[in-house]
Each structure stands twice: as structure tokens, then as C-alpha cells.
Amino acid sequence: MTDYLPWLDTVLDRADELALRYAGSGGAVEVVGVKAEDRNQVSTAADHAIGEMIVAELARDFPADSVIEEESGVRAASGPVTWIIDPLDGTSNYAAGSPLYGAMLAAVDDRGLLAAGITLPALGRRYLAQRGRGAFRDGVPFRTPACTGLEDRLVAYGMDKAGPERMAEDARLMTAIAAQCLGTRASNSVFDAALVIDGAYAGYVHRSCRIWDVAAPACVLSESGGTHGDLGGRPLDFRDPLLKVDLVYEVILAADGAREPLAALGRQVGAAG
């Protein structure tokens, strides 16, 4: 089996350098693009530079692999592995000068999640995982602590601007969760997923993710003892990713023991798809 972990670590080092360089001395970063189909989705020069760098590294080192990259789209190839890239998750945070953003990439094969890396450049935090090898935080093996109940734990809830009905559904679910846990938090970015991995949060709920938003943290959680699923209680399925580029995922990323209580709340308020 190929050991992807050193390669992921090296590429994410370069992603850190680019993100921090474009951020400069701090403060707001210019937005250079807004997607017409979803005005929540903005991009900066750093998004494009990081995405282009990762795609180039993959083309050099794994030329037979397919690529899904949030900014540039799909490159289909003949090999059994597909790489899924989010060059900056939390771009609105990054553009506003917030440190709560990160870069992510994941590899998927016909069995599902294969390997992944997450980096939080402004916070100096790195997560790597590979199927059967476990998960690593800043180079050290680790496990996500299990959860015995929501009442004394924090839960993150991500919500994008949408139509009134959709936002009302989100508000009902977030309120139901807040009533059952210690409190809710929201960076609406990979930072929230990272705190689930760390064990600071019991879970992270988001009803409108794309495959590049969730593949990497789902892989790390799978290898660290955490779990992932949708609001109906079903595990997320990342097989055949080239067919899922346009799919909207309802996501729960959670510590072991927290996913089902969160899914039950989704079913209770009628938010599960």
C-alpha cells in the first residue's frame, strides 16, 4: 500500500506557506470571485494559488489519479483513486482576516475514504490519516474521545445564507440542538470539524456541504475513532466521487456516541433529508 502521509504533509506545508503569504500581515484579503450559482461561495487569490499547486503536485506524482478541485473542477483519469481538494475552507473567514480557515484534501478509492490531510495555517495545526494506519495530529497518533451525552458538550452548527424556508429549518434544528447540549458554536468552516476531531466539540452539523467540504474530516474521524453520517442516521458514502460533484451533503461529524443523538434531533424537527 502506498504511504500517502509524507506526501500529504509536504503538500500541506506548501499550502500553509501560500495561505499565510497571501494573508500578509493580517486584516482583510481581497475577494476575487463570487460564484453566480451560490453567492456564499467566494474565492481569493490564495484559493486559486493553493488549488493550482496541489493539482500540479498530483499531476506530477500521481498522474493516473482523478482530481476534484473546488475552484477548477474535475480532471478525470484512468486510475482507481480520486483526490478531492478544498484549497481554502472558510474562505469568507480568511477574506475577513479571521484565522478560522484551512486547506483540505482527501483520496478516495472503490472502498471509500483512503487518506486525507487537513491544515489550519494560522493556527499551526495539522491532521493526517490513512485507512488502516490511524490518524495523526501534528505528527503524533491520537484518538478522538468518545461522547457519553450532549448535555455537557459543545456542538458546532454551520449555516450558509439561503432562502427563508431553508434558514428557518436550520434555525429550528440549531435551537433543538442548543436545548440539549452545553452550547452551540459556529465558524462555518473546517475549524469546527477540527475541534470535533480534537474532542473539544461533540459534533458538527451542516446541512449544505459539498464533497470537498467533508471528505477529509470524515476520513480523519474514521481513523481517529470518531464517526460521520447524515441527518437520517446513514453513514456518508464517498465512493464514485466523480458522480457526486454536484451532490449536497447533510452532514454530522461527531465523536463516537454523539452522532445518533444529533441525527435524532434532525428527525424530530423534520430537518433530515
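Buried means under 20% relative accessible area, exposed over 50% and partly exposed in between, with a 1.4 Å probe and protein chains only. The legends below describe a predicted model, in which local features need pLDDT of at least 70 and side-chain atom pairs count only at pLDDT 80 or more, while totals for chains, interfaces and linings use all residues. Residues are numbered from 1 along each chain as its sequence is written, and side-chain values use heavy atoms, with hydrogens and water left out.

**View 1. The ring pair of Trp7 and Phe62, and the cluster that holds it.** Trp7 counts as buried at 12% relative accessibility, and Phe62 counts as buried at 17%. The structure holds 8 aromatic pairs (rings of Phe, Tyr and Trp, the last by its six-membered ring, with centres within 6.5 Å; planes under 30 degrees apart are stacked, over 60 edge-to-face, the rest tilted). The ring centres of Trp7 and Phe62 are 5.2 Å apart and the planes stand at 75°, so this pair is edge-to-face. Trp7 belongs to helix H1 and Phe62 to the loop between helix H2 (45–61) and strand E3 (66–69), so the pair ties together parts 55 residues apart in sequence. Helices (H or I, at least four residues) and strands (E, at least two) are DSSP runs, numbered from the N terminus. Ring pairs link Trp7 and Phe62 with Tyr4 and Trp83 into a cluster.

**View 2. Tyr4 and Trp83.** These two rings have centres 5.4 Å apart and planes at 80°, so they are edge-to-face. Tyr4 lies in the segment before helix H1 (5–23) and Trp83 in strand E5 (residues 82–89), so the pair ties together parts that are 79 residues apart in sequence. Both are buried: Tyr4 at 7% relative accessibility and Trp83 at 0%.

**View 3. The largest nonpolar core.** This core has 40 residues (buried Ala, Val, Leu, Ile, Met, Phe, Trp, Tyr and Cys joined through side-chain atoms within 4.5 Å). Ile118, Tyr127, Val220, Phe238, Tyr249 and Leu253 have the most contacts inside it. Helix H6 (211–224) is one of the elements that supply at least two residues; H6 gives the most, with 9. A second, separate core of 29 residues includes Leu18, Phe62, Tyr101 and Ala103.

**View 4. Met1 in the segment before H1.** Met1 is exposed, with a relative accessible area of 69%. Leaving aside neighbours within four places in sequence, Met1 is in contact (heavy atoms within 4.5 Å) with Gln130, Arg131 and Arg133.
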